[in-house]
Amino acid sequence: MARHRGDKEDGVDRHMSLLKLVQILSFLVVFVAGIIMGLATSSHINQYFASQARLFFTNNIEATKIPDNNCTVLRPCKTVDCWSIETFLHPKNLTHSMADEQLFWRASLMPTKEEYPFDRLPKVAFMFLTRGPLPMLPLWERFFRGHEKYFSIYIHTPSNYVLNVSLDSPFYGRQIPSQDVEWGSVSLVDAEKRLLANALLDFSNERFVLLSESCIPVYNFPTVYKYLIHSEHSFVDSYDEPTRYGRGRYNRKMLPDIKLFQWRKGSQWFEVQRALAVHIVSDTKYYSIFKKYCKPACYPDEHYIPTYLNMFQGPFNANRTVTWVDWSLGGPHPATYMGINVTESFIQSIRSNGTECSYNSEMTSVCYLFARKFHPSALEPLLNLTSTANLHMLAGFR
């Protein structure tokens, strides 16, 4: 059948209608998509500005707070001036993030101006190098009681150990940033220098005594304080021992810096004045030699400080220790005393053991201020000796 012109025009019209319909639908799709995208974008923008607003107000609120639990903008508290002379001279918080090299450098600072710009009451720094707990803690607390102005305490423990003491204990908050140590290794010297360096940060500390958890005092605090503060010398055991336990530990690779005739041995438990403590923490050269060449059966804690002071600070050292210890049993460790061994006569025998020593160029029978090693079981008998009923017997423990 032949197609008419009218039929053709109708087909064109239907085609045009479909195109318009498609265009309208496309427009609607684009329009709806635009609305959806707009709403989503608006939501993100609102969230962004809301978060920025919260951040702005939070930061401004925090900035107006004074760092104290009970401080507010309306009730301000005293702020800490980190640059004040008091904070520099007497740091209250032992916590810091300094590495050893930074700490030793900071501690090595020594003023050349002799006069102090403040009233300086010299203190004794009691430095405890421990493997953890302090079993003699109650005895030491009794020893320190009433003398707070005259001493400082520093405790070096294993790095993960937390000393649990009461808030009113003189040991509270006195742990320094520590690292683990290994017996017989140079890490013991590291710990000793770490204790010295932290104690040197307080410019009131004049004397520095190293103690262990098994040490006890054998005189009262006033006696110990007067003995150390008025001493013209430090008390570092330093002697020449011509045996395999002394000269036999010397390594010829230490030449030419350290010669055999300079080599010394001594007890690890020392006491030094401030100037010598600064020299010890300042040394890098000779410490490095010991770290490299003094290894078991050479023990750095028995040779480094005695040798170093003998080489450079000999006239200022008494060449003896003030910590009594019993080596009569032989072996690598001294005798340990249990509770059953602690009696009045035993303590008196430590005080007056028949020997004399030099103190400020005069001879004296008071040679030992401390003693070790004491087992935890010795605590109760020691406390009994220092009780009120026995003060007439051991006035030196008050």
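This report describes the sheet, the helices, the cores and selected loop residues of a predicted model.

An open sheet is formed by four strands, arranged in the order 2-1-3-5 with mixed pairing. Its edges are strand 2 (151–156) and strand 5 (271–273); each has a single partner strand, so one side of each is left without a neighbour in the sheet. On average, and with direction ignored, neighbouring strands are turned by 20 degrees against each other.

Within this sheet, seven bridges connect strand 1 (residues 123–129) to strand 3 (residues 205–212), and the two pair in the parallel sense. Val 124 has Arg 207 of strand 3 opposite.

## Helices on the sheet

Helix 6 (residues 221–229) packs on the sheet and touches strand 1, strand 2, strand 3 and strand 5. The direction of helix 6 makes about 105 degrees with that of strand 1.

Helix 7 (residues 274–282) lies across strand 3 and strand 5, and runs at about 100 degrees to strand 5. Its buried residues are Arg 274, Leu 276, Ala 277, Val 278, Ile 280 and Val 281. The elements that cover them include helix 3 (100–107), helix 5, strand 3, strand 5 and helix 9.

## The buried side of helix 8

In helix 8 (residues 285–293), the buried residues include Tyr 286, Tyr 287, Ile 289 and Phe 290. These residues lie on the same side of helix 8, because they cover an arc of only 160 degrees around the axis. Helix 5 (187–200) and helix 9 (300–312) are among the elements covering the buried residues of helix 8.

## Nonpolar cores

The largest nonpolar core contains 50 residues, and Phe 126, Trp 140, Phe 171 and Phe 374 have the most contacts inside it. Helix 6 provides the largest share of this core, namely six residues. When residues up to four places away in sequence are not counted, Phe 374 touches Met 136, Ser 214, Ile 216, Thr 336, Tyr 337, Val 342, Phe 346 and Ile 350.

Another core, of 45 residues, lies apart from the largest one. Among its members are Leu 195, Leu 201, Tyr 287 and Cys 298. Tyr 287 is also one of the buried residues of helix 8.

## Cis peptide bonds

Pro 296 and Ala 297 are joined by a cis peptide bond with omega of about 10 degrees. Ala 297 belongs to the loop between helix 8 and helix 9.

The peptide bond from Arg 372 to Lys 373 is likewise cis, and its omega is near 5 degrees. Lys 373 is placed in the loop between strand 9 (370–371) and helix 11 (379–385).

## Asparagine residues in loops

Asn 319 lies in the loop between helix 9 and strand 6 (323–324). Its phi is near 60 degrees, a positive value in a residue other than glycine. Asn 319 counts as partly exposed because its relative accessibility is 41%, between the limits of 20% for buried and 50% for exposed. Asn 360, in the loop between strand 7 and strand 8 (362–364), also has a positive phi, of about 50 degrees, although it is not a glycine.

Asn 353 is situated in the loop between helix 10 (344–351) and strand 7 (357–359). With a relative accessible area of 28%, Asn 353 is partly exposed. The side chains of Asn 353 and Thr 355 make a polar contact at 2.6 Å. Beyond its neighbours within four places in sequence, Asn 353 is in contact with Trp 324 and Tyr 368. The C-alpha atoms of Asn 353 and Cys 367 are separated by 9.2 Å, the two residues being 14 residues apart along the chain.

Conventions:
Residues are numbered from 1 along each chain as its sequence is written. This is a predicted model: local features need pLDDT of at least 70, side-chain atom pairs count only at pLDDT 80 or more; totals for chains, interfaces and linings use all residues. Side-chain values use heavy atoms; hydrogens and water are left out. Two strands pair if DSSP finds at least two bridges between them. Axes are lines fitted to C-alpha atoms, for helices over the stretch in contact, and angles run from 0 to 180 degrees between N-to-C directions. Contact means heavy atoms within 4.5 Å. Buried means under 20% relative accessible area, exposed over 50%, partly exposed in between (1.4 Å probe, protein chains only). The arc is that of the directions from the helix axis to the C-beta atoms. A polar contact is a pair of N or O atoms within 3.5 Å; within protein, one must be able to donate a hydrogen and the other to accept it, and residues adjacent in sequence count only if both atoms are side-chain atoms. A nonpolar core is a set of buried Ala, Val, Leu, Ile, Met, Phe, Trp, Tyr and Cys residues joined through side-chain atoms within 4.5 Å.
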